[in-house]
Structures are given as C-alpha cells and as structure tokens.
Amino acid sequence: MSDKRVVIIGAGVVGAALADELGELGWTSVTVLDKGDLPTPGGSSSHAPGLVFQTHASRAMSKMAQYTADKFKSLSYNDEPCFLPVGGLEVAATPERLAELHRRHGYATACGVEARIVSAEECLKIQPLLNPEVVLGGLSTPTDGIAKSVRAVNAQLDRARSRGVRVLDRHEVLDILMENGKVTGVATDRGEFPADYVVCCAGIWGQKIAAMAGLRLPILPLAHCDAITEPLPSLAGATTEATGPLIRHGDGGVYYRERFDRLDIGSFEHQPIPVHYSELLSVDEAEIMPSTLPLTLDDFEGAWKETHRLFPETANLSIVEGMNGVFSFTADDFPLVGEAPHLQGFWVAEAVWVTHSAGVARALAECLTDGYSRSFNLSECDLNRFDSFELDDSYVLERAGQNYLDVYAIKHPVEPIAGPRNLRVSPFYAREVAMEGEFVPVHGWEMPLWYGANKPLLDTLEVRERNPWAAKYWSPIVAAEAKATRENVAMYDMTALTRLEVSGAGATAFLERLTTKTVDKAVGSVTYCLMLDEGGRIRSDITVARLAEDKYQVGANGRLDLDWMNRHLRPDEAVVIRDITSETCCVGVWGPNARTLVSKLTDLDLSSESFPYFQARQGFVAGVPVTAIRLSYVGELGWELYTTADFGLRLWDALWTAGDDLGVIAAGRGAFASLRLEKGYRSFGTDMTFEHDPFEAGLGFAVALKSSRDFIGRSSVEKRRTQVERKLVPLVLKEPGAVVAGREPVYNGETVVGYVTSAAYGYTIDAGIAYAWLPEKLSSPGTDLTIGYFGERVPAAVAEEPLFDPQMTRLRS
C-alpha cells in the first residue's frame with residue numbers, strides 16, 4: 001500500500017484504467033482530473049469505435065490488447081457489458097493480402113491469440129453480407145470484439161472510487177508545479193492539487209500538458225473518417241448492437257462494425273489530416289465534443305466505394321451520420337509510456353488506443369509501484385526511446401502521417417521507412433554511395449545493407465534462391481560479403497552503434513553499481529555485462545572499455561541506456577555521462593587477414609600476446625588517433641576502430657588503400673546479421689527485452705554472483721538463477737535454403753510452444769537459423785520442432801551453440 005499522492009490528468013479510457021489499477025495495487029491517495037463532463041469528457045475515448053483486434057507484430061502490444069479485452073469482458077456498467085465478444089475477421093481481396101493474413105496468423109498464435117485462417121466460403125458464413133466475388137479468404141479471431149469505451153471508463157472509475165480514488169470533472173489543468181527537478185502538483189482553474197506523481201493521460205491534449213512540464217512529445221493528433229450508413233435490409237429489426245464480427249478490409253484501408261441495423265465504417269484510406277491541439281475547441285465551444293470534427297466527404301469517398309464493393313447491399317444506401325474523429329499517432333507507431341527524463345515524478349501514457357488501454361495502465365501502475373512492469377515489456381513504448389531529431393515537429397508530421405497510411409499496409413519486417421531519410425550520415429557515406437550501397441536508416445543513420453560493387457564476387461559463388469517475400473530487401477551479395485569476412489577481411493561501418501562516455505572520479509563506483517560484472521579492472525580492459533532492473537530482468541547488454549582510471553567508453557544499445565544511467569546517477573556522484581555517438585565514428589575490421597591489414601598502418605602491437613581479445617588500446621592508425629577495441633560481433637579476428645568524426649574519412653581511405661592487395665571489401669548489415677547468428681550473439685530489443693532475465697537468455701556468464709559486489713537487481717537475479725522455465729536457443733532449419741523472418745510461432749506437434757526472435761541464413765553453415773524462446777524442457781539440442789511460416793510448417797531442430805567456431809579459436813587467434 002502506498003500513501004504517495006498521485007494526480008492523473010485525463011479521465012478517458014487510459015486515465016480511468018490507471019486509477020482502477022492503482023486502487024487495486026493499494027494506492028490510497030489518487031485524484032483524477034478532467035476538464036470535461038463525465039462520463040463523456042470529450043476526448044478520443046468518448047467517440048472511439050472500440051475495435052479490439054489483438055493481433056499485432058509486436059508481442060508487447062498484442063499482450064496489452066489481450067489484457068484489455070480480458071479485463072473489459074469482466075466489467076459491466078449499469079448491467080450493460082463493457083465488451084461485446086463478436087470476434088474479428090480480416091478479409092483478403094488479393095492473393096498478396098491472403099498471404100499476409102497467413103503471416104498475421106503466425107503473429108497471433110505466437111502471442112497466444114486464438115486465430116485461424118478461413119476460406120472464402122467460411123468468411124461468408126461468418127458474415128453473410130460480404131461479397132463472394134471479392135473475398136478470397138480471411139483470418140478469424142473469435143476472441144476479438146468491441147470495447148464499449150464509455151462504459152469501461154465509468155465501470156473502472158466507479159471501482160476506483162470504491163477504493164478511495166477521487167474523480168473530479170470540470171477541472172482544467174493550467175500548469176504543472178515543480179521544484180528542484182521534482183513534480184510537486186498541478187494547478188487547475190479550481191485550485192492546486194499537490195502530488196508526488198503526476199501522470200499525463202490527456203490524449204489529444206497530451207502535448208499541451210507535457211509542454212507545461214517542459215517535455216516535448218513526438219505525437220500527432222490526426223482526424224479519422226468514420227461514418228454510419230442507413231439501415232441495411234439484412235439487419236432490419238436488430239435488437240442487439242452487434243452480432244456480426246469486426247471486419248478489417250486491409251486492401252481497401254477500411255474497417256467495419258455493426259451498430260444494430262446499420263454499418264459503421266472507419267477509413268485509413270485517405271490522406272492524413274493533422275489537427276494541432278491548439279485548433280481543438282473547448283468542451284463548451286464544441287457542438288458535440290472537441291475530439292469530433294465534421295466528416296470530410298471527399299476524404300471518405302474512397303472508403304465508401306470500397307464499402308459498396310465489399311458489402312453490395314450498401315450500394316443504394318446513404319451515409320446518415322459521420323465525423324472526423326481525432327486521435328493520436330506517434331513517430332514510430334507505438335505509445336508513449338514512461339517518466340520524463342528531466343522531471344522526477346512526471347509520467348506519461350499517451351497515444352494509447354482503446355485496444356491497449358488497460359494493458360498500458362497496468363504496466364504503468366506496476367512501474368509506479370515497483371519501479372518496473374512485471375507484466376509487460378515496455379522497451380518499444382518507453383517515452384525516452386527517441387533521439388533528439390525524432391522530436392522535431394516536421395519529422396513527427398511526416399512519420400506519424402505515414403504511419404496513418406500504413407495502418408493496414410503489408411509491411412516487410414526489414415522494410416526501411418520512406419522518410420525522412422539522410423538525416424545522419426557517417427564520414428564514410430560518400431565512399432559507400434560510390435560502392436552502390438543499399439541503405440537502411442538505423443537510429444537515423446544511413447547504414448548499408450550490402451554493396452552493389454561486390455556483385456562480381458557472385459561469379460564464383462552459388463547462392464540459394466529465395467522466395468519472393470524472403471528476397472525483399474535482400475541480395476545474394478549478402479552471402480558473398482559474409483564469405484569474404486569469414487575467409488579474408490572486410491570493413492564494416494559501425495557508426496550507428498550508440499557510444500557513451502562515462503568519466504569522473506566516481507565513474508568506476510557508478511558503473512560497478514549498474515553492471516553485472518566488475519569493470520574495476522586494469523586500464524585497457526573491456527567487459528561485456530548487463531544492466532538489470534530491480535526485478536533482475538535485462539535492461540540492456542553493454543560493453544565497457546576502461547580507457548583511463550576515471551574514463552570509460554560504453555557500447556550501448558540506444559537512448560534508453562543513456563536515460564537509465566542518468567536516472568541512476570546520484571546527485572553527489574562525481575560522474576559525467578556523455579553521448580559521444582555523433583562526434584565519433586567506427587570502422588569494424590574483421591576477418592582472418594584483419595591483423596595483416598591494420599598492422600600496415602599502426603605501430604600498435606596487434607599480436608594476441610600484447611593485444612588479446614576483449615582489450616582496448618589507444619594509438620594511431622595511418623596517423624589518425626584511434627581507440628582500438630578487440631571485439632567482434634561477427635566471430636572473426638579483428639578490431640573496432642573508433643575516432644572522431646573529422647578523422648573518419650581519412651581512416652576509411654587509409655584502410656581501404658592498405659587492404660587493396662589483400663582484396664579487402666566493404667560489407668553491410670545483411671552479412672553482419674548472418675555472421676552474428678552463427679556465433680549466437682544476442683541483439684537486445686529483438687532476442688531479449690525487459691521481460692527476460694540473464695539465465696534464460698543464455699547470458700548467465702555475464703553475471704558475477706561469486707563476488708560480494710552488489711549491483712542493481714542482484715538479489716532478484718540470484719533467485720531467478722534456479723527458476724529458469726524458458727530458454728533462448730538456436731534452431732537450425734532442416735530444408736535446404738529455408739529461411740524465416742522472425743516473430744513466427746514455434747510448434748511441438750500441433751501445439752505452439754514458443755516464438756522466433758532473430759532469423760537469418762547462415763552462409764557459413766549453409767542453413768537457415770532462427771533463435772527462439774522455448775520452454776526449458778524443449779530446449780535441449782536435437783529436439784525436433786517446426787516453425788509456422790506463411791501457413792506452412794518449416795522443420796527445424798534445436799542446436800548446440802554457437803553454431804560456428806565453438807572453441808573461439810578464430811576470435812582469439
């Protein structure tokens with residue numbers, strides 16, 4: 001039970017759910033404020049159509065949708081249900097969409113959502129109004145349904161009130177009160193409310209409230225066309241709000257739900273219609289509510305034509321009601337959940353749809369209670385995941401607008417964003433363009449997947465063909481670059497990797513407290529370790545190179561690592577943490593001839609005796625001051641060479657010229673991904689996330705429990721060591737040339753037992769590789785399983801890792 005004071009701004013579906021969840025967890029001093037009139041204060045929750053489709057490519061988003069559906073099913077308000085379990089049906093009007101539904105079936109089953117692919121005939125049995133000449137098949141999800149959001153808001157607020165939560169409407173927040181970097185309360189038009197925590201659940205007004213706290217949110221309110229038809233003859237006399245399933249017509253960018261004898265139509269087919277929060281009318285000024293604008297019929301025209309095609313019975317009907325409902329999109333299509341980086345106690349839950357509302361609220365309530373969410377992986381949703389350029393209004397406008405258009409798009413897992421592009425380029429970019437690099441943005445950096453200039457390498461190499469889907473954003477050149485790395489030497493642009501500098505008299509003690517292995521070793525040592533939360537789960541995996549007694553270079557995974565470190569920096573610690581990524585660059589030189597190449601340009605002793613694996617040295621390469629770290633994510637001899645950005649091009653050119661007689665090549669991220677999986681190297685955010693612990697992820701070696709040194713999460717992770725129930729293991733695909741993409745379900749017989757994380761083809765071992773989470777009892781090498789891939793079952797077997805060079809002789813040579 002907590003007596004900390006919490007003020008929740010916004011009594012929509014997220015704020016109401018949070019109040020309910022906090023009440024359940026024993027919080028006794030919670031106040032919910034809204035400027036509108038309850039039960040419909042005028043935000044997006046008040047008009048939301050309430051479609052809950054639980055299938056999502058993101059495991060976390062799917063799990064939050066499942067939690068929301070389950071919770072709403074258990075709620076009622078005035079004896080009326082808060083969830084209508086009508087089921088969902090996604091229909092295909094093209095062969096490409098039907099294939100996509102098979103892939104989405106894999107997402108669903110991998111996440112525990114009941115789903116099955118159904119024929120065109122079955123689609124018509126489920127919803128007889130559909131046009132048999134249009135529908136080719138569908139994906140049926142019987143546990144999906146309609147969330148009655150206004151009822152759900154009231155039911156949750158009533159329960160919260162019964163637990164002591166105070167709910168006040170007609171209270172407009174005017175300012176966020178703060179002192180010494182901590183929130184102290186909110187000021188409203190009806191007085192001040194002191195608080196230890198303030199949570200912004202203001203929806204389409206979220207940017208306005210966050211700005212009061214000095215926080216910039218990368219969200220964009222957009223208007224969405226929604227209309228209701230005249231009564232359909234086939235639904236005449238309907239006394240139940242909806243009996244037919246929710247319909248998703250992805251090929252038309254439209255969704256449908258029944259409203260008694262009428263059809264409710266929502267469209268993502270039109271161009272984005274941005275609405276700045278300053279343009280929203282007040283509660284008193286709005287004719288209906290601030291979040292609903294007049295329907296723009298020109299924007300709705302395409303959806304109406306598609307409706308006539310899919311539902312022929314509507315051809316002679318008219319639209320009788322309509323609106324442009326406003327709700328929020330983000331720059332990367334995920335919600336914003338977390339605490340402000342600069343203001344302790346100010347939390348955000350924004351850009352959350354009704355679909356995920358209760359799940360997000362549960363996660364946030366757990367964060368406030370325990371410091372982390374026990375139930376959900378929030379890494380994709382964390383407020384602090386964005387680089388500074390991603391907060392720019394023009395960037396958000398373009399990205400959020402494209403995300404609106406892509407709601408029903410068939411998106412490949414490695415498909416790059418269309419724009420904005422060329423925001424960040426490494427010093428080597430001009431050379432990479434000249435070598436016909438095929439680029440993809442990584443943290444805004446343009447990074448090559450492969451180089452067209454390496455095509456001649458295919459003259460002496462036979463590469464297995466791929467099916468059309470697997471061949472997207474891939475080239476057989478990837479295989480050639482991987483082979484050259486294994487057999488000779490290659491240069492990799494590693495500039496996009498996040499680099500942090502931790503320095504000062506307290507740097508060592510600070511890192512000792514945050515990391516799972518000691519970094520207090522000799523200058524020049526490099527440590528692979530983890531950062532954990534208090535529950536013993538992985539926050540990140542990092543490398544820490546000690547460059548001086550009081551200076552370290554940390555190889556991190558992104559902005560969340562910087563945020564985590566800053567949050568755990570004590571006011572009295574003499575520590576400076578800097579993100580040095582933009583001011584530096586990195587070339588990875590890897591392969592059996594890496595030593596021969598680099599030795600031509602440096603007086604550093606690169607022998608294994610003087611410069612062993614996991615060591616760092618500072619010196620010069622071709623007159624360029626470098627930090628050379630002997631690491632290799634591809635499993636070959638080599639070095640990461642870091643220098644400042646101004647010297648980057650000189651370093652690249654010198655290495656390239658010196659490697660000419662060796663046949664050096666430049667290699668891209670495609671080869672990199674293949675080689676790292678052959679060595680079993682994990683990728684945080686894909687292979688393991690906030691929901692996993694080191695021992696189940698196969699990273700127990702990175703946790704030092706024999707020493708008495710304490711670190712964040714130690715007591716919890718010690719308990720977890722003997723409680724491993726699942727494991728991350730490699731599967732090798734049995735069919736020649738077979739590949740999968742990631743996020744597919746893994747089957748033991750007919751039972752789904754796990755899911756794929758990373759996947760690639762291993763060109764050295766000549767087999768497809770898929771890392772997967774499996775129950776511990778099925779994780780032994782030799783266990784035969786199958787992977788669901790576009791409706792087919794791909795035979796695979798658990799393998800011993802690493803799959804290549806298990807004795808580590810190549811790395812240590």
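I began with Arg539 in this predicted model, and I found that its charged end sits over the ring of Phe690, 4.0 Å from the ring centre. I then looked up Arg248, whose charged end sits over the ring of Phe53, 4.4 Å from the centre of that ring.

Next I turned to rings that face other rings, and I noted 26 aromatic pairs in the structure. I checked both for burial, and Phe428 and Trp652 are each buried.

I went on to Tyr492 and Trp590, a tilted pair with 5.4 Å centre to centre and 50° between the planes. This pair also links distant parts of the chain, since Tyr492 belongs to strand E26 (residues 490–493) and Trp590 to strand E32 (residues 584–590). Tyr492 has a relative accessible area of 2% and is therefore buried, while Trp590, at 0%, counts as buried too. I also listed one aromatic cluster, and among its members are Tyr255, Phe268 and Trp353.

Last, I followed strand E38 (residues 745–748), which pairs with strand E39 (residues 751–762) in the antiparallel sense over four bridges. Pro745 has Tyr755 of E39 as its bridge partner, and in the hairpin, with two residues between the strands, Gly749 takes a positive phi near 70°. E38 also runs antiparallel to strand E41 (residues 784–789), joined by two bridges, and there Val746 is partnered with Ile787.

Key:
Residues are numbered from 1 along each chain as its sequence is written. This is a predicted model: local features need pLDDT of at least 70, side-chain atom pairs count only at pLDDT 80 or more; totals for chains, interfaces and linings use all residues. Side-chain values use heavy atoms; hydrogens and water are left out. Two strands pair if DSSP finds at least two bridges between them. Rings of Phe, Tyr and Trp (its six-membered ring) pair if their centres lie within 6.5 Å; planes under 30 degrees apart count as stacked, over 60 as edge-to-face and the rest as tilted. Buried means under 20% relative accessible area, exposed over 50%, partly exposed in between (1.4 Å probe, protein chains only). A charge sits over a ring if NZ of Lys or CZ of Arg is within 6 Å of the ring centre and within 35 degrees of the ring normal.
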